[in-house]
Amino acid sequence: MHIKGDHAELVVGGRLDVRSAADARTTLHRALDAGEGDLVLDLAALDSWDATGLGVIMGAHRRAGRCGRRLVLRAVPPQMQRLLVATRLHRILAIEGETLTKP
């Protein structure tokens, strides 16, 4: 997994899973604490995520709210879109475009 960017936009690539969760969480929290306004997570280069990775995203969403910010997902890959719809998390998370596919 790799994350590049700043406190306004991060590009996440590779696998967001149990092995990369701690590093991802630290990077997201630092970005959220350092900025203002929306934090955009561009997921176009993300290959996959597991339940732990999804938990990192949800934790960042909650932290963003506590910081007075909003976490916005951009370019969510189709398989992950289906997971967000199936878990109804698409109703909670801010997703750019909001054209998620049905499971």
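The model is predicted, and its protein chain holds three helices and five strands, which follow one another along the sequence in the pattern β-β-α-β-α-β-α-β.

**Overall dimensions**
- The radius of gyration of the protein chain is 12 Å, which agrees with the value near 13 Å that a compact globule of 103 residues would have.
- Along the principal axes, the C-alpha atoms occupy a box of roughly 35 × 25 × 20 Å.
- Of the 103 residues, 44% count as buried, while the chain exposes about 5500 Å², with carbon and sulfur atoms supplying 50% of that area.
- Among contacts with a separation of 6 or more, 63% come from residues 24 or more positions apart.

**The sheet**
- The five strands form an open sheet of mixed pairing, in the order E1-E2-E3-E4-E5.
- Strand E1 (2-5) and strand E5 (94-95) are at the edges with a single partner strand each, so one side of each has no neighbour in the sheet.
- Strand E3 (residues 38-49) and strand E4 (residues 70-74) run parallel and are joined by five bridges, and Leu-41 stands opposite Leu-73 in E4.

**Helices on the sheet**
- Helix H1 (residues 21-34) lies across E1, strand E2 (9-16) and E3, and runs at about 165 degrees to E3.
- Helix H3 also packs on the sheet, where it touches E3, E4 and E5, and its direction makes about 110 degrees with that of E3.

**Gln-81**
- Gln-81 belongs to helix H3 (residues 78-86) and counts as buried because its relative accessibility is 13%, under the 20% cut-off.
- The side chain of Gln-81 reaches the backbone oxygen of Val-76 at 2.7 Å.

Technical notes. Residues are numbered from 1 along each chain as its sequence is written. This is a predicted model: local features need pLDDT of at least 70, side-chain atom pairs count only at pLDDT 80 or more; totals for chains, interfaces and linings use all residues. Side-chain values use heavy atoms; hydrogens and water are left out. Helices (H or I, at least four residues) and strands (E, at least two) are DSSP runs, numbered from the N terminus. Buried means under 20% relative accessible area, exposed over 50%, partly exposed in between (1.4 Å probe, protein chains only). A polar contact is a pair of N or O atoms within 3.5 Å; within protein, one must be able to donate a hydrogen and the other to accept it, and residues adjacent in sequence count only if both atoms are side-chain atoms. Two strands pair if DSSP finds at least two bridges between them. Contact means heavy atoms within 4.5 Å. Axes are lines fitted to C-alpha atoms, for helices over the stretch in contact, and angles run from 0 to 180 degrees between N-to-C directions. The radius of gyration is taken over C-alpha atoms; the globule rule is 2.2 Å times the number of residues to the power 0.38. Accessible areas come from the Shrake-Rupley method with a 1.4 Å probe; for residues, only the protein chains shown count as cover.
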